[in-house]
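Please read it alongside the model.

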Amino acid sequence: MKLTKGILLGSGILFIAIQVIRPVRNQNSQDLSTDISSVVIIPDTVLTLLKDACYDCHSNNTNYPWYSNIQPVGWLMAHHIKEAGSELKFSDFGSYSQRKQLSKLEGIGNSIEDDIMPPMYYKIMHRSAQLSTAEKLSLIKWVQQSMDSLSIDR
Amino acid sequence: MKNLILRFAVVVTILASCNSNSNNPSDKHGSLNRPVSYSRNENSGTSTTKDEIDIFSIKEIVSQYMRISKGLADDNGNDAASGGKALVVSIDKTRTVSLTTENLKIWADISADAKEMAEHIGENPDNIGHQREHFVILSKDIYDLVKTFGSDQVLYKVFDSMSNEGKGGFWLSETKEFKNPYMGKAMLTSGSIQEEIRKK
């Protein structure tokens, strides 16, 4: 009984202590010159879907939920946002080479088609990221159109 | 509130299982740097002159690409993955000092993309579907490399309209008797030769 109490107290103290360590937030001023909107046309309906389902991790600005202030939740988020950003960042898309832009678009289409993105854990916490079949199709159609327009430019 | 806690619990479980996987890529990144020094050791051991080392060649890149292709045609994700990892190494140790500024730019563009595709293929031995998706783009990159810098062997560009989930996809083959890396055993001979790339 004493041991259980000790463990509880210990983890309580640890929990409070780790709250002090707060990761840097992914919130930056918007630079539209490198944003994806500078190279392809994004209809409003598509932009809403991208913002709801993708931008939290794949842009320079995350819309943080309140529980991101609780550690280690915030740490996990920071880690995932960093990883996601190195894979694809819509805010930097305009600075990618044309080849990379086309590859990334193809990857976006595939990930949505195969239900790899948005990831399960994100969809559980964000209802608006649970895309309907119609929403997925409209995203895939937009991906295809964007690829076509980028290829013509070449 | 209860609902939120429950969702939290599910997410934490998923993340815990994800993390064990995501540890691997960073390991791989760490090991990526090694082959460069490796090759130097090898070179100092043999009698290769400095000029020979500095010659730009995509021979090894093409051969690792073929290794991935064979793995996929055999429905063997593990073989494809080791080919992918080897391809990353080959790209990294390619000597580019002899390239002109213009060619260097082309090389940097194509090789960066190809490397990313190779990394994905290397990191997903258990997901051959995902490997094949990246192989579609990798094939485009290797084709452009070969067209730009020339190949020291005859290659065939094979196209199959049914591959790549019906969107159509091509790949490069060393022989006329090709094996479809997108279909594997299911439709190994599907496709037709679209172009013969001459030796240059």
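Helices (H or I, at least four residues) and strands (E, at least two) are DSSP runs, numbered from the N terminus. Read in sequence order, chain A runs α-α-α-α-α-α-α. That comes to seven helices and zero strands. The radius of gyration of chain A is 19 Å, well over the 15 Å that the globule rule gives for 154 residues, so chain A is more spread out than a compact globule. The radius is taken over C-alpha atoms, and the rule is 2.2 Å times the number of residues to the power 0.38.

This is a predicted model: local features need pLDDT of at least 70, side-chain atom pairs count only at pLDDT 80 or more, and totals for chains, interfaces and linings use all residues. Residues are numbered from 1 along each chain as its sequence is written, while chains are lettered from A and ligands numbered from 1 in the order in which they are written.

The C-alpha trace of chain A spans about 70 × 30 × 25 Å along its principal axes. Of its 154 residues, 23% count as buried (20 or more other C-beta atoms within 10 Å of the residue's own, with C-beta atoms placed from the backbone). Contacts pair residues whose C-beta atoms, placed from the backbone, lie within 7 Å. In chain A, 83% of the contacts with a separation of 6 or more join residues 24 or more positions apart.

Now to chain B. Two packed helices are described by the angle between their axes and the distance between the axes. Axes are lines fitted to C-alpha atoms, for helices over the stretch in contact, and angles run from 0 to 180 degrees between N-to-C directions.

| Helix pair | Axes come within | Crossing angle |
|---|---|---|
| α4(B) (residues 59–73) and α5(B) | 7 Å | roughly 165 degrees |
| α5(B) (residues 77–92) and α6(B) (residues 101–123) | 7 Å | roughly 150 degrees |

α4(B) and α5(B) are therefore roughly antiparallel (angles over 145 degrees). Their contact includes Ile61(B), Tyr65(B) and Ile68(B) of α4(B) and Ala80(B), Gly84(B) and Leu87(B) of α5(B). By class, this contact has eight nonpolar, five polar and four charged residues. Here Ala, Val, Leu, Ile, Met, Phe, Trp, Tyr, Cys and Pro count as nonpolar, Asp, Glu, Lys and Arg as charged, and the others, Gly among them, as polar.

α5(B) and α6(B) are therefore roughly antiparallel to each other. Among the residues in contact are Ala81(B), Val88(B) and Ile91(B) of α5(B) and Ala114(B), Ala118(B) and Ile121(B) of α6(B). The contact of α5(B) with α6(B) divides into eight nonpolar, three polar and three charged residues.

Key: Buried ≥ 20, exposed ≤ 12 C-beta atoms within 10 Å, placed from the backbone. Contact = placed C-beta atoms within 7 Å. Parallel < 35°, antiparallel > 145°, perpendicular 65-115°, else oblique.
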